[in-house]
Amino acid sequence: AWLRQKLLVLGSLAVGSLLYLVARVGSLDRLQPICPIEGRFGARGQAEFPLRALQFKRGLLHEFRKGNSSKEQVRLHDLVQQLPKAIIIGVRKGGTRALLEMLNLHPAVVKASQEIHFFDNDENYAKGIEWYRKKMPFSYPQQITIEKSPAYFITEEVPERIYKMNSSIKLLIIVREPTTRAISDYTQVLEGKERKNKTYYKFEKLAIDPNTCEVNTKYKAVRTSIYTKHLERWLKYFPIEQFHIVDGDRLITEPLPELQLVEKFLNLPPRISQYNLYFNATRGFYCLRFNIIFNKCLAGSKGRIHPEVDPSVITKLRKFFHPFNQKFYQITGRTLNWP
Ligand code: A3P
């Protein structure tokens, strides 16, 4: 009887362990990328998004991106290279990289890491749409791919070319106060010159025409900041509803509400949370937290210190941009309180 009792205890322990193992395998099964993203994420409560699934997705896609994959694995995981459903078309120095990286925190978004310059570069464009698609990262069919090439916004041929690819594509434009953006643009070029040990003009000399003492509209950094002029070209092809304006100044100081507006525009369930964004006092910017192990800040080339600019030049530029800004608010329906 003693032996029978011992065997009974051992037996129930074994059954218990077996049940535990089955439950574990079941829970691992839930991590497999076979069920649709919408089904997986849509069914859960918002606050309940499983970070481990996001982690899993990151790890797996990262391996594929590194090229550590066979065709068989790609097929097995149902991975595809999809044309973008949304493009960050500009504006240069508006915060395009920060926006792309932050959107990539969303489990249903996959970013194209490099600027592809398909639509603005004639040589690339001539290679055809399949070339463009092959430049896209692997993703699950239910995810959306996003790319960013800020030159698209100001390049004449681009709206028509994008329209030909997908007339219902979603277009994101991130803007900053135009004078600050122009100085940021100048700072980037200046840094490039300095790296090559070249001298460069002062911002004031480029932005103000020395003959007329008026704003120099031939200077590219000034022209790019006349947002409404560029947008009007785009509106010949796309209705305003297909654009979403991101406030690049607010993305720096308060990124979450800006990202939530983009999630809404892209019809994505809200998944990016304050947990994913933390302020790094050393950098002076928000950085990204994917999970307890992996976080990152943007490269040092983002968030440069701008040179000091003569205040009278700043005032002149702000006055110059003012009527264009008013028109921009009117067209887009987004008022940005720029001076
Ligand atoms: P500055 O270098 O003038 O500060 P882009 O990616 O389009 O080139 O834009 C660069 C700008 O992104 C930077 O301009 C910086 O201010 C802004 N930015 C916004 N959020 C940022 C972040 N979290 N980290 C670093 N830079 C960020």
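A: Begin with the nonpolar core, a set of buried Ala, Val, Leu, Ile, Met, Phe, Trp, Tyr and Cys residues joined through side-chain atoms within 4.5 Å. Buried means under 20% relative accessible area, exposed over 50%, and partly exposed in between, with a 1.4 Å probe and protein chains only. This is a predicted model, in which local features need pLDDT of at least 70 and side-chain atom pairs count only at pLDDT 80 or more, while totals for chains, interfaces and linings use all residues. Residues are numbered from 1 along each chain as its sequence is written, and side-chain values use heavy atoms, with hydrogens and water left out.

Q: How many residues does the largest nonpolar core have?
A: The largest nonpolar core has 28 residues, and Ile89, Tyr152, Ile162 and Trp234 have the most contacts inside it. Elements giving two or more residues to this core include strand 2, helix 8 (158-165) and helix 15 (311-332). Helices (H or I, at least four residues) and strands (E, at least two) are DSSP runs, numbered from the N terminus. Another core, of 27 residues, lies apart from it; among its members are Ile88 and Leu268.

Q: Which residues does Ile162 touch?
A: Contact means heavy atoms within 4.5 Å. Not counting residues up to four places away in sequence, Ile162 touches Ile87, Ile89, Phe119, Tyr152, Ile169, Leu171, Trp234 and Phe238.

Q: What does the UniProt annotation "active site" cover?
A: UniProt positions are given in the numbering used here, feature names are shortened, and annotations may be inferred rather than shown by experiment. In this case the annotation, from an unreviewed entry, covers Lys93. Lys93 is found in the loop between strand 2 (86-90) and helix 5 (96-103).

Q: Is Lys93 buried or exposed?
A: Lys93 has a relative accessible area of 12%, so it is buried. Among the residues that Lys93 touches, not counting those up to four places away in sequence, are Arg176, Asp185 and Lys302.

Q: Which residues come nearest to the ligand?
A: A residue is near a molecule if one of its heavy atoms lies within 4 Å of it. There are 17 residues around the ligand, of which Lys93, Thr96, Ser184, Tyr286 and His306 come nearest.
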